[in-house]
Amino acid sequence: PGQVSRSFEPAHADHMYTCYLRTDEPDGLLSMAKLRSGGSSLHEQAVEHEASGRYGAALTCYHAALTSAASSPPAGDEGEGGGGGVQAAARGVSPAPAAEPRLALQLGLCRSLRSLGLHVAMRDSARTSLREARTEAQRSQLRACELQAVWRLGQWADVRDLLSSHAFLASPVAPSGGSEEWGEAACSSLGYEAPLAAAIADLHA
């Protein structure tokens, strides 16, 4: 009597977890992950590893999630469903929702590669994903990842080509559209990456 319960109902914890996926608050995201009653999908595990700085583990989960998505039967939206869900269940984790966008996994993979300093792999991953992109919003985010990789590699001709061919990359505002989940605004740092890449490329002209 007189005590107020501070526990979360499972549905509330899931809702709060979804909200924190759309913020850059790793402490809140990881706290909500502990309060959830169900298992995490491969994508969610990757996000949680990324939020806590375990980029190698995040990379492994993103690779596994993309492999599951690739082996799944086609659905209305690209994602981890069908066969991928069976494979995830066999590994003891909950499958990602059927509508899980493949773009979110591709961007997460690029972010993890960037954090690990694997810039050649990041560039190649972004370019491969570009061939699968269906909309200009998706292509914009993947090109931004490619830009972040090539300037770190000192490939100035590619930097200048990207900046001249795609005017949005020279703007300090990240392109709109696409996924808005964890860190997914064009690999989350286009606002300073594009002007920085342009300035360094000018120095190497």
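Me: Which residue just after α6 takes a positive phi?
Reply: This is a predicted model, where local features need pLDDT of at least 70, side-chain atom pairs count only at pLDDT 80 or more, and totals for chains, interfaces and linings use all residues. Residues are numbered from 1 along each chain as its sequence is written, and side-chain values use heavy atoms, leaving out hydrogens and water. With a phi of about 75°, the residue you want is Gly117.

Me: Is Leu118 buried, exposed or partly exposed?
Reply: Leu118 sits in the loop between α6 (102-115) and α7 (119-130). Buried means under 20% relative accessible area and exposed over 50%, with partly exposed in between (1.4 Å probe, protein chains only). Leu118 has 39% relative accessibility, so it's partly exposed.

Me: Leaving aside neighbours within four places in sequence, what is Leu118 in contact with?
Reply: Contact here means heavy atoms within 4.5 Å. On that basis, the partners of Leu118 are Leu59 and Leu113.

Me: How many of the 14 residues of α6 are buried?
Reply: Helices are DSSP runs (H or I, at least four residues), numbered from the N terminus. α6 is mostly covered, and its buried count is 13.

Me: Is α3 roughly parallel or antiparallel to α4?
Reply: Helix α3 (residues 42-51) packs against helix α4 (residues 55-70) at about 160°, with axes 8 Å apart. Angles under 35 degrees count as roughly parallel, over 145 as roughly antiparallel, 65 to 115 as roughly perpendicular and the rest as oblique. So α3 is, relative to α4, roughly antiparallel.

Terms used: Axes fitted to C-alpha atoms, helices over the stretch in contact; angles between N-to-C directions. Helix = DSSP H or I, 4+ residues; strand = E, 2+ residues; numbered from the N terminus.
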